[in-house]
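This briefing looks at charged side-chain pairs and at a nonpolar part of the surface. Please keep the sequence and the model in view while reading.

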Amino acid sequence: MAATADVKGTAILRNKVADYLNTEPGGQSPTYHLMNVFETIDENPNAQVVEKHYTSDKAATKLTAGYAPQFPITGDQYLDNDVSEFIRDIAEEQKIGVETDFIRVRLYQPIVSKENTFYARKFRVSVEVSSITGAGGEIISQEGNLNQIGDVVIGEFNTQTKTFTEAAAAPANAEASGT
């Protein structure tokens with residue numbers, strides 16, 4: 001009897017994850033724009049690990065105690081692109097303490113029975129711009145990080161109305177039991 005190979009599944013291409021940034025953090029309601037002029041928007045969960053060496057064990061135990069997520073970004077500057085101009089102004093005007101909402105949407109995971117709505121995570125972030133560069137004949141580039149503040153919020157995002165809805169809260173003991 002021939003052994004069957006495990007199926008790898010379907011590859012998730014980068015264009016199946018959409019990133020939105022609120023460019024009006026002080027406004028009455030969020031104004032989310034697709035981050036469509038960025039070459040990279042990476043995600044570094046940066047797990048915070050605690051190491052313990054218990055007396056009854058030969059080996060140490062490492063426990064994940066938290067996270068310090070950071071989203072490195074590299075994008076181009078364009079006129080009339082709200083996200084590009086928002087980030088440019090933070091750097092050029094040397095604004096400090098700028099916080100806004102960043103939403104990461106799984107376009108490959110639609111919410112059943114809700115048109116244009118997908119699984120999403122919302123992060124409160126501070127905006128850090130580390131460089132603005134560009135040689136002659138090149139598009140000006142900006143690099144930096146979106147640094148998470150507080151905890152991630154799980155929910156759904158409607159890509160047409162650009163609204164985020166937080167998921168219903170899990171029972172209080174769900175986190176402790178791993179469900």
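In this predicted model, Lys 114 forms a salt bridge with Glu 156, their closest N and O atoms lying 2.6 Å apart, where a salt bridge is a side-chain nitrogen of Lys or Arg within 4 Å of a carboxyl oxygen of Asp or Glu. This pair links distant parts of the chain, since Lys 114 sits in the loop between E7 and E8 while Glu 156 belongs to strand E9 (residues 141–158), 42 residues apart; strands (E, at least two residues) are DSSP runs numbered from the N terminus. The model is predicted, with local features needing pLDDT of at least 70 and side-chain atom pairs counting only at pLDDT 80 or more, whereas totals for chains, interfaces and linings use all residues. Residues are numbered from 1 along each chain as its sequence is written, and side-chain values use heavy atoms, with hydrogens and water left out.

**Exposure of the Lys 114 pair**
- Lys 114 is partly exposed, with a relative accessible area of 39%, and Glu 156 is buried, with a relative accessible area of 16%; buried means under 20% relative accessible area, exposed over 50%, and partly exposed in between (1.4 Å probe, protein chains only).

**Arg 124 and its two partners**
- Arg 124 meets Glu 99 in a salt bridge at 3.5 Å, N to O, a pair that links distant parts of the chain, with Arg 124 in strand E8 (residues 117–133) and Glu 99 in strand E7 (residues 99–110), 25 residues apart.
- Arg 124 is partly exposed at 29% relative accessible area, as is Glu 99 at 36%, whereas Asp 101 is buried at 12%.

**Salt bridges across the structure**
- A search of the whole structure finds 11 salt bridges.
- Through shared partners, salt bridges join Arg 14, Asp 19, Glu 43, Arg 104 and Arg 121 into one network.

**Nonpolar surface patch**
- Val 50, Tyr 54 and Leu 63 make a nonpolar surface patch of about 250 Å²; patches consist of residues with over 30% relative accessible area and no salt bridge, like charges being joined within 9 Å and nonpolar side chains (Val, Leu, Ile, Met, Phe, Trp, Tyr) within 5 Å, and accessible areas come from the Shrake-Rupley method with a 1.4 Å probe, where for residues only the protein chains shown count as cover.
- Leu 63 lies in strand E5 (residues 61–67) and is partly exposed, with a relative accessible area of 41%.

Technical notes: Helix = DSSP H or I, 4+ residues; strand = E, 2+ residues; numbered from the N terminus.
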